[in-house]
Every structure is written in C-alpha cells, then in structure tokens.
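Colleague: I would like to learn how the words used for a protein model follow from their definitions. Could you go through one with me?

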Amino acid sequence: MAASTSRQQPEALPCLVFDYGEDGGEQRRPTTLYSVADGVHRPCEFEELRDKRSWVTSHGWVLTWDPTTLATFLWNPHAAGRRRIVLPSFGQTTTTPPPADSFCALSGKPTDDDGGGGFTVVMVEPPGSCFILFCHVGSSSSSPAAWVRHEYDIGTRKMDIEGRQRMKRSIHCITSCGGKLYHFIRSTAYGVLELSPEPVFTTVRMKPASPFTTTDMFVASIFSVDVDGKLHLVFIFESGGGVVADVAVYRVDLEKRKHVRIGSIGDRAILVGGRRNDMGAAGWCRARRHGLLPNSIYWMNPGDRRLRVYELGKRTEEVRDPFKGVAESADGTWCRPYWMIPART
C-alpha cells in the first residue's frame with residue numbers, strides 16, 4: 001500500500017467529474033471538477049485522475065488504471081494522504097482493461113489496515129456483455145489475488161412483444177448491501193450475486209412497487225442505493241416532454257419481499273445519474289456536513305445536461321446547469337460527467 005498527497009481539498013466533494021478520457025494527446029481537454037456545494041468548476045488536482053481510466057464506487061473509493069504504467073489501485077479521495085490499495089494489473093487477466101463505461105462496486109467497506117476482514121472488487125462490463133471481473137482483497141492473504149474474468153448466465157429477455165426473439169440478459173449495474181451485490185431486473189425481481197469465493201447468482205421475487213394508480217404513461221429512471229445497510233430504490237418519473245412527474249424513494253424489504261415508500265431520508269443527499277443513467281446505482285453523503293440540501297435527490301440528467309435537486313418533503317425542484325461555460329469535446333460530443341462522493345466513515 002502506498003500513500004500520496006495533493007493540494008486538492010476534501011471539501012471539493014461531492015462533485016461531478018468532467019473527464020474527457022485518457023487519450024487525445026495535446027488536444028485533450030483537462031479534467032475539471034464541478035463542486036455541488038457551491039456550483040464552481042475547479043481544475044482537477046487529483047493526480048490519480050489525470051490521464052488515467054477511473055471507475056467510482058458508491059463507497060466513495062475510486063478504482064484507477066494507469067495506461068502508462070499499467071498500475072491498478074483503489075484510492076480514497078477524501079482521506080488525508082489519500083490512502084491507496086494496490087491491486088493486480090488488469091494486464092494479468094486480459095490484454096485490455098475493462099471499458100471506461102463499465103460499472104464498479106465493492107462488496108464491503110475497505111478497512112483501515114491492509115488485510116482487514118477482506119472485501120471483493122467487482123467490475124461489470126457494459127450492457128451487451130455478459131462478463132464480470134472480480135478480485136478478492138485481504139482476508140486470506142496479505143496481497144490481493146489476481147483478477148478473474150467470469151462469464152455469467154442469468155437468463156434471457158424478450159426482444160419483441162410476442163417473445164419470439166430473445167437475447168441474453170446482462171447486468172447494468174450492481175449495488176453492494178450487507179455483503180451481497182444486487183442488480184435490478186424489474187420491480188418484481190432482483191438478482192443477487194454472492195462471491196464466496198466463486199460467483200453465485202440467484203433471484204429474489206418481489207411484490208411490485210406501485211407509485212401511481214393512474215393510466216398515465218411515465219418513463220422511469222431507476223437507481224439503487226445502500227442506505228445504512230438497507231437497499232433502497234430511487235424512481236424519477238418523467239412524463240411527455242421530459243417533465244418530471246414525481247420522485248420517489250422506496251426501501252426494499254427483502255425479508256417481506258415488498259417495497260415501502262418513504263417520505264424522508266433525513267440529513268442525507270442521494271446523488272444519481274451522470275454517465276450511467278439507466279438502472280444506475282447511486283451514492284449518498286451527509287448533507288449538512290458537505291453543504292448540500294438535506295432530504296434531497298441530486299439527479300444529473302444526461303438527456304438535457306441539467307442537475308436537478310429535489311427536496312422530498314416539500315417536493316420542490318431546483319434546476320442547475322453544470323455545463324455552463326463548458327465546451328464540447330474535440331470530437332464534437334459532450335462529456336458525460338460522473339459522481340465522485342466522500343467515503344463514509
């Protein structure tokens with residue numbers, strides 16, 4: 001384990017990271033951080049994000065791969081000295097690292113020592129792929145084992161109304177909760193991944209969540225998040241024209257296999273959306289501690305590139321423009337920012 005220091009202050013978190021990729025040569029635009037607390041864009045002074053490929057996790061830790069040195073490591077951007085956990089290089093498993101839009105999760109919170117009780121780093125390749133990569137850290141040895149690339153089979157889904165054409169179902173994202181990893185299939189079913197140490201996939205059947213009783217048609221963006229050891233779902237419902245009709249938070253009662261709508265998340269801000277908006281995982285932090293609005297959902301909508309802040313109790317909405325003053329990328333496309341949150345202690 002190695003540590004590094006930097007001038008970047010933890011108060012910059014949570015933030016949206018405007019990262020234009022590790023390639024691009026001299027034309028590559030520098031990475032910037034949009035601080036949610038004060039709405040200011042700042043140059044990124046996190047050396048771990050410069051010219052590297054990174055995947056954030058809901059625990060606040062970031063997985064980074066350096067294409068120059070091939071170094072692969074976890075780091076905590078909120079810790080003093082920013083502790084690192086060195087991992088085996090992806091090059092030991094595959095000829096290339098996971099795609100930039102892969103999803104990363106930790107089976108548990110990294111501890112303050114090297115070995116700790118052990119946890120697993122899990123990478124889910126983008127939809128269309130049926131592979132995960134995982135690496136066990138701690139518990140049985142002082143150094144992490146190699147990455148393992150595993151092809152999974154969790155059934156098929158319909159390609160047409162009649163169900164005549166089907167394709168293999170793939171995992172969009174996973175949420176760590178209670179030592180297990182959950183992936184949303186539909187409101188009546190969750191997939192469960194356990195690594196002990198080999199991956200085992202099962203399914204939990206649920207009663208559906210029913211936020212509306214009308215016949216109106218809505219499009220829902222759905223995000224899953226672990227709040228104090230309990231799995232929750234955030235629904236953001238849009239009607240025609242992109243108008244937000246409702247924002248709802250449900251606690252997933254896995255024992256009774258039902259969804260319970262809750263009206264308050266207390267002094268918390270849940271942060272969702274950004275690079276991966278569909279069926280995405282979410283993170284949260286203490287609101288007042290980090291200058292955010294309590295009992296709120298912060299949704300970075302990649303569709304209209306607006307950050308929406310919803311207060312659940314008063315049901316108010318504030319719309320912000322994190323892209324103000326941000327130009328297009330060199331290839332004419334817009335950067336899709338991603339969240340980086342404080343690691344919870």
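This is a predicted model: local features need pLDDT of at least 70, side-chain atom pairs count only at pLDDT 80 or more; totals for chains, interfaces and linings use all residues.

Modeller: Gladly! Residues are numbered from 1 along each chain as its sequence is written, and side-chain values use heavy atoms, with hydrogens and water left out.

Colleague: What makes β9 and β10 paired strands?

Modeller: Two strands pair if DSSP finds at least two bridges between them. Strand β9 (residues 119-124) and strand β10 (residues 131-137) are joined by 6 bridges, so by that definition they pair, and they run antiparallel.

Colleague: How many helices and strands does the protein chain have?

Modeller: The chain has 0 helices and 28 strands. Both are DSSP runs numbered from the N terminus: helices are H or I with at least four residues, strands are E with at least two.

Colleague: Why are β8 and β11 said to stand at the edges?

Modeller: The open sheet has 4 strands in the order β8-β9-β10-β11, with antiparallel pairing. β8 (103-106) and β11 (148-151) each have a single partner strand, so one side of each has no neighbour in the sheet.

Colleague: Why is Cys104 called buried?

Modeller: Buried means under 20% relative accessible area, exposed over 50%, and partly exposed in between (1.4 Å probe, protein chains only). Cys104 has 3% relative accessibility, so it counts as buried. Cys135, with a relative accessible area of 0%, is buried too. Of the 345 residues in the chain, 50% count as buried.

Colleague: How many disulfides are there?

Modeller: The structure holds 0 disulfides. The term asks for a pair of cysteine sulfur atoms within 2.5 Å.

Colleague: What makes strand β19 largely enclosed?

Modeller: In β19 (residues 230-238), 8 of the 9 residues are buried, so the rest of the structure largely encloses this strand.

Colleague: Which strands pair with β19?

Modeller: Strand β18 (residues 219-227) is joined to β19 by 9 bridges and runs antiparallel to it, with Val219 opposite Glu238 in β19. These two strands form a hairpin with 2 residues between them, and Asp228 in the turn has a positive phi of about 55 degrees. β19 also pairs with strand β20 (residues 244-253) over 7 bridges in the antiparallel sense; there, Val234 stands opposite Val249 in β20.
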